[in-house]
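The paragraphs below begin with the whole chain and then move to particular places in it.

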Amino acid sequence: MADVIEELEKRGYIEQFTHEKELKETFKKESVRFYLGIDPTADSLHIGHFIALMVASHLQKAGHKPIILVGGGTATIGDPSGKTDIRKMMTRETIDGNVAAIKKQIEKFITFEGENAAIIVNNADWLLKLNYIDFMRDIGTLFSVNRMLAADCYKNRLETGLTFFEMGYMLLQSYDFLYLHDKYNCKLQIGGNDQWSNIIGGVELIRKVGAEDSFGMTFKLLTNKDGKKMGKTEKGALWLNPEKTSPYEFYQYWRNIDDADVKKVLSLLTFLPMEEIEKLCAYQDERINEAKRVAAFEITKLIHGEEEAIKAEAAAKALFGNGGDIENMPSIKLESENILDVIIQAGMASSKGQAKTLIAQGGITLNDEKVTDIAYKLEEKDFKDGYAILRKGKKIFCKLEK
RNA sequence: GGGUAGGUGGUCGAGUGGUUAAUGGCACCAGACUGUAAAUCUGGCGACGAGAGUCUACGAUGGUUCGAAUCCAUCCCUGCCCA
């Protein structure tokens with residue numbers, strides 16, 4: 001069996017292990033069932049899940065079997081890790097809808113068919129049935145509050161306030177692992193490093209009840225060179241769902257990343273061989289742009305398919321280089337000829353005031369000409385070939401159609 | 001339950017009766033420079049209005065006042081200490 005863990009380490013995914021040596025040995029000798037938890041709190045995954053799915057995909061390709069746990073039970077309350085507020089409660093229907101949408105996206109990374117087909121489980125199926133007294137007696141007695149408080153994730157919460165419920169979350173997630181271990185022989189839980197405490201909780205719980213074969217592994221959160229989370233856009237998160245973030249925007253996000261982050265992005269978010277990545281990232285000057293182009297293309301291809309990636313690239317070429325295909329940039333059908341309204345409709349400003357400021361500062365261009373009049377009304381002559389090109393700043397374009 | 005400190009715009013955090021749409025930092029947006037990069041510099045950053053201006057906002061509600069984020073009352077929420 002290929003040493004997939006080593007490959008993951010080489011590509012820079014891994015943050016920490018619970019039992020590194022044992023885990024590596026286990027992975028060498030058998031096909032391991034491992035689980036990854038995803039909270040169905042939105043109807044689309046975002047970039048935070050991306051790395052997780054990449055790791056799952058690498059593992060599956062190496063012959064191991066993924067169990068995707070959607071947190072239908074825990075989503076009704078929300079994971080408090082690193083957050084200041086408890087999430088809004090969600091109804092069962094919303095969650096079920098989200099689960100279906102999420103499964104579609106997961107399918108791009110891991111397969112639900114074949115020998116080591118992934119399975120998808122919902123912790124609502126067992127958590128909702130739990131009896132409080134039984135749970136306290138069987139599970140609650142195995143957790144030490146002293147130890148939990150020593151964990152970083154609780155330590156800083158101690159200053160801002162922490163409810164009993166939030167501490168209980170750890171027990172639930174630990175119980176999930178125990179359940180999957182017993183029912184599916186699941187030996188490993190993977191998750192982002194923010195899940196570390198919850199993961200150890202499960203690993204230790206399983207060991208306390210007598211099994212020796214539970215492991216935890218966390219991967220790095222995708223951060224830029226300043227240590228901030230990547231995947232934020234002006235409109236919020238960078239979603240994997242094309243209705244929420246268009247493939248063009250998605251492509252542009254990766255095309256515009258910092259020089260210093262290209263290599264990381266290529267290793268973590270594409271399947272390109274490391275040698276090729278090294279080669280692409282060898283330059284310090286503008287030649288690094290080729291690496292960014294490849295990164296944007298490959299990542300977009302992974303999420304939206306090759307066809308969309310080609311379109312996004314063509315649109316980018318049309319706007320930034322020469323040639324290329326103007327068909328594929330974001331476009332809108334005009335509802336008003338008033339420039340301010342058009343800017344808002346194109347999503348370039350959220351109020352007329354903002355739109356005015358943009359014009360006043362020379363940030364709006366119509367067909368390559370600066371717009372200077374905030375009262376400008378689009379005319380027939382602006383639509384030369386049936387469309388007009390509106391641009392905000394240097395990089396944000398929108399095709400306007402009548 | 002008692003004591004105490006608080007709840008301000010995307011966020012952090014000033015402001016303690018009028019000149020306060022509310023200092024400043026961060027985030028964000030635009031301009032210049034550039035490589036669709038970074039750093040830097042400049043400008044902007046509640047809504048509506050062409051503008052004068054109008055409206056909405058400082059946990060909630062009610063009150064005092066010509067005038068309140070600022071004072072009073074009640075309520076809700078949070079931290080800390082004591083039980």
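How many helices and strands are there in chain A? In this predicted model, chain A contains 18 helices and 13 strands. Its C-alpha trace spans about 80 × 45 × 40 Å along the principal axes, and of the 402 residues of the chain, 36% count as buried. If we take the contacts in chain A with a separation of 6 or more, 70% of them are accounted for by residues 24 or more positions apart.

With that overview in mind, we can turn to a pair of helices. The axes of helix 10 (residues 164-184) and helix 11 (residues 196-208) come within 8 Å of each other and cross at roughly 50°, which means that helix 10 is oblique to helix 11. The crossing of these two helices is right-handed. On the side of helix 10, the contact is made by Met170, Gln173, Ser174, Asp176, Phe177, Leu178 and His181, while helix 11 contributes Ser197, Asn198, Gly201, Gly202, Leu205 and Ile206. Sorted by class, the contact of helix 10 with helix 11 has 5 nonpolar, 7 polar and 1 charged residues.

Glycine 216 is found in strand 6, which covers residues 215-219. Is glycine 216 buried or exposed? Glycine 216 counts as buried, because it has 24 C-beta neighbours inside 10 Å, and the cut-off for a buried residue is 20 or more. Leaving aside residues up to four places away in sequence, glycine 216 touches Thr18, Gln189, Ile199, Ile200 and Val203. The C-alpha atom of glycine 216 is separated by 11 Å from that of isoleucine 14, although these two residues are 202 residues apart along the chain.

Helix 13 (residues 262-269) gives us a whole element that is mostly covered, for 7 of its 8 residues are buried. The buried residues of helix 13 are Val262, Lys264, Val265, Leu266, Ser267, Leu268 and Leu269, and they pack against several other helices, namely helix 1 (4-11), helix 3 (47-61), helix 12 (247-255), helix 14 (274-280) and helix 15 (288-304).

Next we come to the RNA. Which residues are the closest to RNA strand B? Of the 31 residues that surround RNA strand B, the closest are Gly161, Ala316, Ser351, Gly363 and Gly393. The elements that give two or more residues to this surface are helix 9 (157-160), helix 12, helix 15, helix 16 (306-320) and helix 18 (352-360), and helix 18 gives the most, with 5 residues. Divided by class, the residues of the surface near RNA strand B are 7 nonpolar, 14 polar and 10 charged.

Most residues other than glycine have a negative phi. Asparagine 367, however, has a positive phi of about 50° although it is not a glycine, and aspartate 368 likewise has a positive phi, of about 70°, without being a glycine. Asparagine 367 lies in the loop between strand 10 (364-366) and strand 11 (369-370), and aspartate 368 also has its place in the loop between strand 10 and strand 11. Asparagine 367 is partly exposed because 15 other C-beta atoms lie within 10 Å, whereas aspartate 368 is exposed because it has 7 other C-beta atoms within 10 Å.

Notes
Residues are numbered from 1 along each chain as its sequence is written. Chains are lettered from A and ligands numbered from 1 in the order in which they are written. This is a predicted model: local features need pLDDT of at least 70, side-chain atom pairs count only at pLDDT 80 or more; totals for chains, interfaces and linings use all residues. Helices (H or I, at least four residues) and strands (E, at least two) are DSSP runs, numbered from the N terminus. A residue is buried if 20 or more other C-beta atoms lie within 10 Å of its own, exposed if 12 or fewer, and partly exposed in between; C-beta atoms are placed from the backbone. Two residues are in contact if their C-beta atoms, placed from the backbone, lie within 7 Å. Axes are lines fitted to C-alpha atoms, for helices over the stretch in contact, and angles run from 0 to 180 degrees between N-to-C directions. Angles under 35 degrees count as roughly parallel, over 145 as roughly antiparallel, 65 to 115 as roughly perpendicular and the rest as oblique. A crossing is left-handed if the near helix is turned anticlockwise from the far one by less than a right angle, and right-handed if clockwise. Ala, Val, Leu, Ile, Met, Phe, Trp, Tyr, Cys and Pro count as nonpolar, Asp, Glu, Lys and Arg as charged, and the others, Gly among them, as polar. A residue is near a molecule or strand if its C-beta atom, placed from the backbone, lies within 6 Å of it.
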